[in-house]
Amino acid sequence: MPSYPEVMRIGVLTGGGDCPGLNAVIRAAVLEGTRVHGFEFVGFRDGWKGPVEGLTMELTAERVQNILPLGGTILGSSRTNPVKMDGGVEAIRSTMSDLGVDALLAIGGEDTLGVATHLSDQGIKVVGAPKTIDNDLSATDYTFGFNTAVQVAVDACDRLATTGASHHRAMIVEVMGRHAGWIALHTGMAASAHVTLVPEQPYDIDEVAKTVASVLHRGEAPLIVISEGATPAGGDVTHTGADLDAFGHVQLKGAGEQLERALVERLPDLPTRVTVLGHLLRGGTPTAYDRILGTRSGLSAVRAIAEGNFGTMAALRGTEVDQVPFADATARLKTVPPARLAEIAQVSG
Ligand code: F6P
């Protein structure tokens, strides 16, 4: 067991897009850390902006006790990227030293953990907990928030399907998923969508139109689930045109509408409606599954700190939550493999 200052102080932050289950991680980390290991905690506000600018909040067992069912993050979040800022890493180092913070717990996705990896390489003690509703982090079977997002999307599809059936319309449902189509895949399968379109496989609009026509022909209302990052073959993602964020991402917008236009060109009499679920998928209370996964991720991350196992992230492998090196999680995105696309094709159309 490594030797530490008498009372170890841990700084906690949540970065990137919020997602249900973040508060479960914070709560479990603080409860286990204070009760079992005698740690003290400092909450950093608004992602990496917190340690860069010294923005803090009190984080005690009393403060976190009742936050488990809350959506969002009590710490706030941002897409601040200290690695791209002049003196960003040094500012974090000096905030930690001023506040007597010995180690960081960074709760976030690819971008936040990419920064954590960089800090770890610079000798800062940091552990991670993986967060993304997109479920696109490698080395972990699922990320918390994903289950809630899929449940919200499936509930929405079930409702939209009854309206589609009543009005004999094609219902297009756009869900989040920038580079990976996990939310669309699981939603499409659970909601028995006729067509599911994901970023991993550019779609052939003529094939989609053929499927839609055959669904209509047999008297059903087509239900189409599309990821925000899905593209037509030979086409590109649709976006707002706003400036890239600090991690170089465009703000996606319009995949469902682009699909609608192309479909109506081929099937001019087709009544269609597009529903963009967007941020509805990220808000609100987590499912029981995500509360448990978030809690177990927080416990694992704090145990890693107690054991001096820095530069690692909590990861779900089967039924166990273990620590894996940052590099395993951030080296590449976990996208939907062809075998899963073949599975959904069997039960679609
Ligand atoms: O965090 C991932 C994600 O939800 C993506 O699915 C989506 O494209 C993006 O964040 C939206 O980000 P913002 O909340 O900044 O609009």
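Reader: How much space lies in the second largest pocket?

Author: Let me begin with the general idea. Rolling a probe the size of a water molecule over the atoms shows where empty space is left. The model here is predicted, and its second largest pocket holds about 420 Å³ of space.

Reader: Which residues lie closest to the centre of the second largest pocket?

Author: The lining of this pocket comprises 18 residues, and Val195, Thr196, Leu197, Gln201 and Ala345 are the closest to its centre. Strand S7 (195-197), helix H8 (205-217) and helix H12 (338-346) are the elements that each give two or more residues to this lining.

Reader: Which element gives the most to the lining of the second largest pocket?

Author: That element is H12, with 4 residues. As for class, the lining of the second largest pocket has 10 nonpolar, 6 polar and 2 charged residues.

Reader: Let us turn to the largest pocket. How much space lies in it?

Author: The largest pocket contains about 820 Å³ of space. Its lining is made of 37 residues, with Arg79, Met176, Arg178, Glu228 and Arg282 nearest the centre. The elements that supply two or more residues to this lining are helix H5 (110-121), strand S6 (170-175), helix H9 (255-266) and strand S9 (272-276). The largest share, 3 residues, comes from H5.

Reader: Where does the ligand sit?

Author: The ligand sits in the largest pocket. Around the ligand are Arg79, Asp134, Met176, Gly177, Arg178, Glu228, His279 and Arg282. By class, this shell has 5 charged, 2 polar and 1 nonpolar residues.

Reader: What is the distance between an oxygen atom of the ligand and an N or O atom in the side chain of Glu228?

Author: For Glu228, the distance is 2.6 Å. In the side chain of Asp134, an N or O atom is 2.9 Å from an oxygen atom of the ligand. His279 also takes part, with a polar side-chain atom 2.9 Å from a ligand oxygen atom.

Reader: What percentage of the accessible area of the ligand does the protein cover?

Author: On its own the ligand has 400 Å² of accessible area, of which the protein covers 80%.

Notes:
Residues numbered from 1 in each chain as written. Predicted model: local features only at pLDDT ≥ 70, side-chain atom pairs only at ≥ 80, totals over all residues. Heavy atoms only, no water. 1 Å grid on protein atoms, 1.4 Å probe; cavity = no way out; pocket = protein on both sides within 12 Å on 5 of 7 lines; lining within 4 Å. Points joined across faces, edges and corners; volume = space filled by probe spheres on them. Nonpolar A, V, L, I, M, F, W, Y, C, P; charged D, E, K, R; others polar. Near = heavy atom within 4 Å. Polar contact = N/O pair within 3.5 Å; in protein donor to acceptor, adjacent residues only side chain to side chain. Areas by Shrake-Rupley, 256 points an atom, 1.4 Å probe, with all protein chains shown as cover. Sits in = over half its atoms within 2 Å of the grid points.
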